[in-house]
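Here are my notes on this one, written for someone new to reading structures. Have a look at the picture first, then go through the points in order.

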Amino acid sequence: MKKYVFENIQVLAKESPALPGEGMFTEQTAKKVLRFHRSMPQYRETQLKFLSAAAEKYGVRAIYVKDESARFGLKAFKGLGGSYAVFRCLCERLGLDPDAASFSDLQTEELRARCAGIEFATATDGNHGKGVAWAARLFGCCAHVYMPKGSVEARRKAIEDAGAAEAVITDFNYDKTVAYASRLAEKNGWILVQDTAWEGYEDVPRWIIEGYLTLAAESCAQMDGMAPTHVFLQAGVGAMAGGVTGYLLDRFKDEPPLITTVEPTDVACVFLSAEAGDGKARSVEGDPETIMAGLNCGTPCCIIWPVLRDGASYYCACDDIITEEGMRAYANPLGGDPAVVSGESGAVTHGLLLRILKNEELRKLFKIDKDSVILLISTEGATDPEGYDRIVRG
Ligand SMILES: Cc1ncc(COP(=O)(O)O)c(C=O)c1O
């Protein structure tokens, strides 16, 4: 692993090729998950936007952006994982076969009456909790949601509006809020739906990650037959990045894309873990601050870290200014390119890509040339509308 430091950006580049996935988050799994999501009346594919003017200007074959701002009306991709995990938990409780059951099977009067007594809990920096609260309500259950200190009130309120029984901002950082939610769930008999795993708590996070595969499968199906050569993925605990990586390495076995994880500089736990070089995950302690609230997580998810350790080719840590640049560029696209409304955690990969495309040394480091087909995921819209306006409209 070699480390490079650029203005506002640090890069770790693997010197040997990435390794294929362990067969956990495969195309086959994605098909099952997609079957469930398609059974939901609320399900619509999100758009894959093609930035052709940008691709032409920067001399690459294609730049695609999966725009998750419209997912389930929740402004972020996270509802995919929340809905699938809540569904799987309910199937387990109610004795249904998850590979055969559909959304409507759980909407009978008898099953809704049984669901009414089931309560969920989770910790979140915003989007995941909103997805869980929303999904719980769809099935007639309720959810208790806890947020780390410093969380924005608009995001808390959005969770309540999505259907949470309560959405509370705690005095703890993200990792401690997760532990707090877990203790409360145990004490009160609630089902914990947490988007990160630890020893002994692995099934639910795995279902959440599987839920994210829908966005990967949709993206590939929307790419006009092209295969991505470069994929940039935001990482908080790394669940989304790892799930998508597993899927892409399985689907494009013969010519796997180069995967890059992207995190905020002060809370880059995947980057730190990769840098340590002994294969073990590392945590960032303390109360790090970043405007990328969804990525402000101090510990990689233990079931996904090995996928990122083996499957990613680059690990990046970016200052907040990079996502601000990405948000503005998405909002003010080149030529006839479509605009993308992208929040603080959604746009950092775009800001990073633009810095790469404009710098010969970075282009070379990332092996980007005229044949590159680049895929970005704008994981959220304007989830903090005031913050969005301040950054994009100045
Ligand atoms: C908008 C957004 N993007 C990316 C992420 C990162 O996802 P993960 O924690 O699975 O790495 C999050 C997590 O909350 C998020 O809200």
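1. A word on contacts before anything else: two residues are in contact if their C-beta atoms, placed from the backbone, lie within 7 Å. Helices (H or I, at least four residues) and strands (E, at least two) are DSSP runs, numbered from the N terminus. Residues are numbered from 1 along each chain as its sequence is written. Keep in mind that this is a predicted model: local features need pLDDT of at least 70, side-chain atom pairs count only at pLDDT 80 or more, and totals for chains, interfaces and linings use all residues.

2. Now the helix pair. In α12, I322, T323, E325, G326, A329 and Y330 meet a set of α13 residues: V348, T349, H350, G351, L352, L354 and R355. That contact divides into 6 nonpolar, 5 polar and 2 charged residues. (Ala, Val, Leu, Ile, Met, Phe, Trp, Tyr, Cys and Pro count as nonpolar, Asp, Glu, Lys and Arg as charged, and the others, Gly among them, as polar.)

3. How do the two helices cross? Helix α12 (residues 320-331) packs on α13 at an angle of about 90°, and their axes are 6 Å apart. So α12 is roughly perpendicular to α13, a label for angles of 65 to 115 degrees (under 35 is roughly parallel, over 145 roughly antiparallel, the rest oblique). Axes are lines fitted to C-alpha atoms, for helices over the stretch in contact, and angles run from 0 to 180 degrees between N-to-C directions.

4. Next, the sheet. It is open, has 8 strands with mixed pairing, and its order is β1-β2-β11-β10-β9-β12-β4-β3. At the edges sit β1 (2-6) and β3 (48-50), each pairing on one side only; two strands pair if DSSP finds at least two bridges between them. From one strand to the next, the twist averages 20°.

5. Zoom in on β9 (residues 230-234) and β10 (residues 258-264): they run parallel and are joined by 5 bridges. Here H230 stands opposite L258 in β10.

6. Helix α13 (residues 348-357) turns up again, lying across β2, β9, β10, β11 and β12 (373-378), at about 135° to β9.
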